[in-house]
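Open the viewer and load the model. This tour moves from one selection to the next.

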Protein chains: 2
Amino acid sequence: MANKPQILSVKTIAKSRLFHVQALELEFSNGVITHYERLITHSAGAVLAVPMLDADTVLLIREYAAGVDRYELALPKGRIEVDEDIITAADREMMEEVGYGAKKLTLLMSLTSAPGYSSQLTHIVLAEALYEQRLPGDEPEAIEVVPWRLSQLEELLQRDECTEARSIAALYMVRDLMQKKQLNND
Amino acid sequence: MANKPQILSVKTIAKSRLFHVQALELEFSNGVITHYERLITHSAGAVLAVPMLDADTVLLIREYAAGVDRYELALPKGRIEVDEDIITAADREMMEEVGYGAKKLTLLMSLTSAPGYSSQLTHIVLAEALYEQRLPGDEPEAIEVVPWRLSQLEELLQRDECTEARSIAALYMVRDLMQKKQLNND
């Protein structure tokens with residue numbers, strides 16, 4: 001593996017409430033100098049919860065997605081607040097978006113969305129042993145909760161409304177994990 | 001399902017070579033008015049190729065990722081150029097990044113990365129019947145090609161260097177597809 005490039009300079013070139021764009025000057029180990037742009041995310045990262053109502057039923061949410069200007073069917077997710085850990089954030093997001101808390105929460109993996117130009121991390125948390133518990137969220141309209149069977153994941157992906165890569169990766173991951181647990185129990 | 005919110009106004013608030021940030025004013029069907037920010041991507045979208053050397057071996061690449069400032073192991077991907085279709089772009093990216101073209105290319109699905117604030121689409125293309133063919137790319141250093149068995153996907157995800165959600169979703173998708181083909185052939 002090559003040595004990591006050296007960052008020669010970092011400059012903020014654009015900033016809004018949500019986005020912070022930096023220009024980077026990099027020197028690769030072979031001497032090549034290049035200019036990159038990257039997005040710096042303000043927050044401590046994001047969590048994505050996989051709320052399992054039973055061993056096969058996951059709770060999805062249907063929410064307006066401004067980037068693509070349509071409703072998207074995905075797993076509940078949100079930013080980690082200041083002074084909050086990953087597990088607490090996942091539990092809170094579920095209570096706000098699907099109306100459930102979980103007695104068993106497991107961090108499975110941390111995903112990047114665009115490592116080439118963004119530092120953002122999304123932590124995938126499996127949520128089991130759910131109980132009804134609603135917290136008020138900051139959503140502009142009520143969120144629709146859609147139960148779906150992981151054994152019918154393929155049918156879900158054939159719909160045009162479930163496209164978000166982190167949710168899809170997490171659904172496959174949890175489906176495999178659940179199948180393996182099932183096999184070990186049999 | 002609720003009626004889609006109405007976009008009351010759109011304003012460009014930041015722009016760099018790569019990023020274009022818009023502020024949106026939205027009115028939801030319940031009358032609530034909110035302000036969002038979204039990223040507009042300049043390009044016609046991106047392609048991500050899944051190059052299968054045989055029914056179980058996929059070709060990954062190890063490339064420097066400026067957003068996270070480390071090397072990332074992922075599938076070859078890149079932007080669709082002007083006047084290029086999805087399939088041609090996937091074939092070209094493979095030739096540039098892994099040194100192979102494909103005789104059989106199949107569009108599997110189009111993924112979003114952050115539909116809440118970005119319009120970007122990544123088209124997943126399965127590439128089979130590979131043949132050696134290299135095209136010069138615009139990469140600042142040579143890219144390392146890493147063959148990996150899809151039957152060992154779990155081991156791959158336990159490494160800290162394979163984290164990109166679109167690649168992981170695509171790897172699961174193709175692994176399932178290959179297993180199903182195998183079953184149908186048996």
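A residue counts as buried if 20 or more other C-beta atoms, placed from the backbone, lie within 10 Å of its own; with 12 or fewer it is exposed, and in between partly exposed. Now select chain A: of its 186 residues, 40% are buried.

This is a predicted model, in which local features need pLDDT of at least 70 and side-chain atom pairs count only at pLDDT 80 or more, while totals for chains, interfaces and linings use all residues. Residues are numbered from 1 along each chain as its sequence is written, chains are lettered from A and ligands numbered from 1 in the order in which they are written.

Stay on chain A. Its C-alpha atoms fill a box of roughly 55 × 40 × 35 Å along the principal axes. Colour by secondary structure: there are 10 strands and three helices (DSSP runs numbered from the N terminus; helices are H or I with at least four residues, strands E with at least two). From the N terminus, the order is β-β-β-β-β-β-β-α-β-β-β-α-α.

Next, select 6-41, domain 1 of chain A, then 46-185, domain 2. These bounds come from an automatic or database domain assignment. The C-alpha centres of the two domains are 31 Å apart. Five residues of domain 1 and four of domain 2 make the contact between them (C-beta atoms, placed from the backbone, within 7 Å).

Finally, show chain B. How many residues of chain A are in contact with chain B? There are 53, and they meet 54 residues of chain B. Elements of chain A supplying at least two residues each include β1 (6-15), β8 (100-112) and α3 (165-185).

Conventions
Two residues are in contact if their C-beta atoms, placed from the backbone, lie within 7 Å.
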